[in-house]
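Subject: Handover of a structure

Dear colleague,

Please find below the structure that I am handing over to you. My findings follow it, and I would be grateful if you would read them with the structure open.

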Amino acid sequence: MIVQDPIQVIVWDCLNNYEYDNAIFLAERLHAEVASEETAFLLGTCYYRAGRVNEAHHLLQTISLTLPQSRFLLAKCAIELKSYKDAEVILGTNMDIVASEFGEQAPYALQLLAKIYNITERRNKAADAHRKALSLNPFMWKSFAQLCNMGEKVEPHQVFHHSNTDFSFGVSTLVNLVSNSENISFVNSNIPNNTSLNTNVTPNNMSSKTPMIMSTSITPEPQAPVKRMHSVFSGMAPIPFSPSFGMLPMDESPVLYTPTLTDSNEQKALPKIVNSLRAQMGQLKDAVFSPAPRCTLGPAPRRSSRLFSNNNSSYSVKENNKSPSRKFVAPKSPSRKSKQRTAKNIKSNPVETNERAKSIETVTPAITPKNSNAVALLNLLKELGEAYKALSFLDCKNAIKLFQEIPSKQLASPWVQTMIARAHYELAQYEMAAKVFAEIRKQHPNRTEGMDIYSTCLWHLQREAQLSALAQELVELDRNDSIAWLAAGNCFSLHKERETALKFFKRAVQINPDAAYAHALLGHEYAAAEETDKALASFRTAVSIDPRNYVAWFGIATVYARQERWKASEVHIRRALAIHPHSGVLRCQLGVAQAALGKMDRALATLERAVALDTENPLCRFHRASVLLRAGRPDDAIDDLSHLKNIAPRESLVYYLLGKAYNKIGNPHMALMHFSWATDLDPKGTGGHIKEGFDPSKQEDTPERAT
């Protein structure tokens with residue numbers, strides 16, 4: 001019979017049921033009784049999950065760590081506390097060594113390293129770490145997304161790739177374990193869930209005379225004849241429980257089972273065995289593959305790993321050689337004699353052992369890469385990866401097409417719809433983007449991802465009521481979410497309440513200092529308030545966080561343009577265009593800078609392309625008309641301006657430029673009429689420019705002065 005420490009089982013059960021206070025209390029009792037790295041890791045895990053990162057960090061920092069799980073947890077705590085140098089030392093800098101030392105946690109450890117490298121602006125190393133993580137585990141979507149966001153060329157069909165040996169799901173391990181160990185049992189899923197942790201411990205067989213000591217020792221007792229199973233920990237001395245701690249009365253002292261670390265990979269593969277067997281073999285549909293219920297202190301227990309701490313987990317296999325169907329039933333706990341007799345049968349009957357292995361082999365051919373759930377997931381990740389890659393490189397039309405081609409269930413998911421809405425936003429199709437976002441908001445009112453982009457769409461569309469309602473709902477939903485304060489900032493920015501908008505944008509940056517988009521919006525608001533130094537500081541912070549944030553590069557270019565530093569403006573707008581070459585607004589700003597530098601031919605070519613990219617954007621046509629007017633082509637300018645007059649009938653600058661154009665072609669009556677309309681629309685802004693229209697010495701002034 002195999003026994004495990006019930007205290008650890010209870011703690012993990014509390015964690016699995018999100019009862020963190022109770023888990024911390026019990027883990028503290030265990031660690032106070034037995035101060036070891038194993039119990040410190042368990043207590044640190046409780047602290048971390050409860051959000052008490054400082055306590056977890058202090059606890060693990062005060063002891064010498066040898067286990068990779070403990071080092072990984074300490075590194076996560078250090079990163080959250082912004083101790084990046086300490087975290088890097090804990091993890092190590094050699095990626096190959098990290099991959100070998102952390103085992104199945106290696107992809108996650110490499111992700112932590114990549115985060116450190118990215119924050120400390122060692123982006124080449126960050127990309128290498130993400131690639132290494134993906135090579136170890138192709139399901140690390142976060143690493144793939146980060147590579148795309150960094151502008152790295154990564155091919156989804158190579159990343160999310162499988163071979164015949166990639167996903168055996170521990171079938172060979174299953175055969176070996178069942179063939180060589182009597183410590184594996186199949187537990188009938190119909191057994192009630194309310195049975196005790198050890199089914200052999202019942203009121204009938206309990207005795208107050210003979211105590212059963214619950215030990216977490218990692219080495220088996222010398223008299224234990226059972227096979228060793230697999231654990232996360234090894235190389236640790238037995239935990240010396242005091243006689244009064246962790247004792248349970250029982251009629252006999254059982255064999256204490258304590259696994260080792262040497263075969264930990266096989267035990268970690270057992271949850272995969274459970275899932276694949278339940279999915280692929282009908283005859284095991286109601287059975288769970290369960291080793292002895294040792295509570296391992298590895299990564300956070302997944303649903304499958306909870307099987308190891310469920311009730312009824314100490315049943316053994318009941319063999320019936322006469323039954324060809326090999327039905328699995330809930331057997332009774334064997335006595336000591338029956339265990340000895342079973343052990344003799346194992347040694348003396350190798351034929352039965354071989355038959356058992358063959359019987360498992362006969363039901364495992366269905367577990368193949370071609371029809372496994374993992375391969376289906378990889379194929380889905382390939383499709384999503386292609387679409388996400390296109391969106392990351394701002395090939396938005398292709399991204400929308402690829403997203404719409406994925407299966408309908410995935411297409412209806414909020415994440416995919418958010419990506420589609422974002423693609424429309426990047427194309428300046430604000431109406432369509434707002435429509436998709438509104439539907440997401442209707443279906444998932446508590447979802448905040450992408451709502452900052454939604455608020456910007458509403459800002460561009462000048463929809464004050466909708467933006468105000470959105471900001472209020474998001475702030476009420478979570479006042480500690482930076483996205484809510486970005487929406488509030490956009491709302492007050494639309495109302496031209498600069499001070500309040502700045503206050504809310506600052507709050508968003510305070511909550512999430514690593515949000516590049518928040519810094520960019522704060523910079524634009526500073527620029528609108530004519531605080532250029534603060535605007536430049538915010539934009540530079542944004543590009544230091546995310547060098548591919550073209551909104552921030554564009555903001556720097558506009559600030560330099562207002563300062564008439566056209567050369568610097570051209571340099572920075574080209575940086576933005578390198579990131580988003582399909583943006584008509586960015587090309588329009590480049591054309592303005594080129595025109596200011598006297599490069600009229602280049603400016604006209606750039607503006608022609610800007611209009612072709614975004615035919616519905618009036619700003620591109622306005623600047624093209626301005627450059628045409630300066631280049632001595634007033635007739636072409638009048639065509640553009642007449643088109644703009646129909647699109648924006650209340651824009652005073654359009655009438656002002658039309659007046660200048662008519663004045664150049666010798667039509668003073670039309671010129672005076674348009675100057676008069678411009679004055680009526682904006683008497684303060686255009687009154688001074690009417691005089692320039694009739695002043696021969698200022699006929700060639702740049703129309704940008706009107707802005």
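**Individual positions**

Ala 578 is located in helix α28, which spans residues 566-579. Please note that this is a predicted model. With a relative accessibility of 64%, Ala 578 counts as exposed, because the cut-off for that class is over 50%. Its C-alpha atom lies 8.7 Å from that of Tyr 550, a residue 28 positions away along the chain.

Leu 378 belongs to helix α16, residues 373-392. Its relative accessibility is 0%, so Leu 378 is classed as buried. Between the C-alpha atoms of Leu 378 and Pro 138 the distance is 7.9 Å, although 240 residues separate the two along the chain.

His 424 sits in helix α19, residues 414-426. This histidine is buried as well, since the relative accessible area of His 424 is 8% and buried means under 20%. Which residues does His 424 contact once its neighbours within four places in sequence are left aside? They are Ile 400, Gln 429, Met 432 and Ala 433.

**Two loop residues with positive phi**

Ala 428 is placed in the loop that links α19 to α20 (430-443). Its phi is near 65°, which is a positive value in a residue other than glycine. The relative accessibility of Ala 428 is 27%, and the residue therefore counts as partly exposed.

Gln 462 also has a positive phi, about 60°, and is not a glycine. It is found in the loop between α21 (451-460) and α22 (464-477). Gln 462 is partly exposed, because its relative accessibility is 49% and the exposed class requires over 50%.

I turn next to the packing of helices, taking the pairs in chain order.

Helix α3 (residues 37-49) packs against helix α4 (residues 53-61) at an angle of about 165°, and their axes are 7 Å apart. The angle makes α3 roughly antiparallel to α4, because angles over 145 degrees are assigned to that class. The two helices cross in a left-handed sense. On the α3 side, the residues that meet α4 are Ala 40, Phe 41, Leu 43, Gly 44, Tyr 47 and Tyr 48. Their partners in α4 are Val 53, Glu 55, Ala 56, Leu 59 and Leu 60. By class, the contact of α3 with α4 consists of 9 nonpolar residues, 1 polar and 1 charged.

For helix α8 (residues 106-119) and helix α9 (residues 123-136), the axes come within 8 Å and cross at roughly 165°. α8 is therefore roughly antiparallel to α9. The crossing of α8 with α9 is left-handed. α8 contributes Ala 106, Pro 107, Leu 110, Gln 111, Ala 114, Tyr 117 and Asn 118 to the contact. From α9 come Arg 123, Lys 125, Ala 126, Ala 129, His 130, Lys 132, Ala 133 and Leu 136. The contact of α8 with α9 holds 9 nonpolar, 3 polar and 3 charged residues.

Helix α29 (residues 584-596) and helix α30 (residues 600-613) have axes 8 Å apart and pack at about 165°. As a result, α29 runs roughly antiparallel to α30. α29 passes α30 with left-handed geometry. The α29 residues in the contact are Gly 584, Arg 587, Cys 588, Leu 590, Gly 591, Gln 594 and Ala 595. Those of α30 are Met 600, Arg 602, Ala 603, Thr 606, Leu 607, Arg 609, Ala 610 and Leu 613. What is the class make-up of the contact of α29 with α30? It has 8 nonpolar, 4 polar and 3 charged residues.

**The chain as a whole**

The protein chain contains 35 helices and 4 strands. Of its 707 residues, 50% count as buried. The accessible surface of the chain is about 34100 Å², and carbon and sulfur atoms account for 51% of that surface. Among contacts with a separation of 6 or more, 63% join residues 24 or more positions apart. The pair Leu 378 and Pro 138, whose C-alpha atoms are 7.9 Å apart, is separated by 240 residues along the chain.

Yours sincerely

Key
Residues numbered from 1 in each chain as written. Predicted model: local features only at pLDDT ≥ 70, side-chain atom pairs only at ≥ 80, totals over all residues. Heavy atoms only, no water. Buried < 20%, exposed > 50% of the residue type's maximum accessible area, 1.4 Å probe, protein only. Contact = heavy atoms within 4.5 Å. Areas by Shrake-Rupley, 256 points an atom, 1.4 Å probe, with all protein chains shown as cover. Axes fitted to C-alpha atoms, helices over the stretch in contact; angles between N-to-C directions. Parallel < 35°, antiparallel > 145°, perpendicular 65-115°, else oblique. Left-handed = near helix turned anticlockwise from the far one by under 90°. Nonpolar A, V, L, I, M, F, W, Y, C, P; charged D, E, K, R; others polar.
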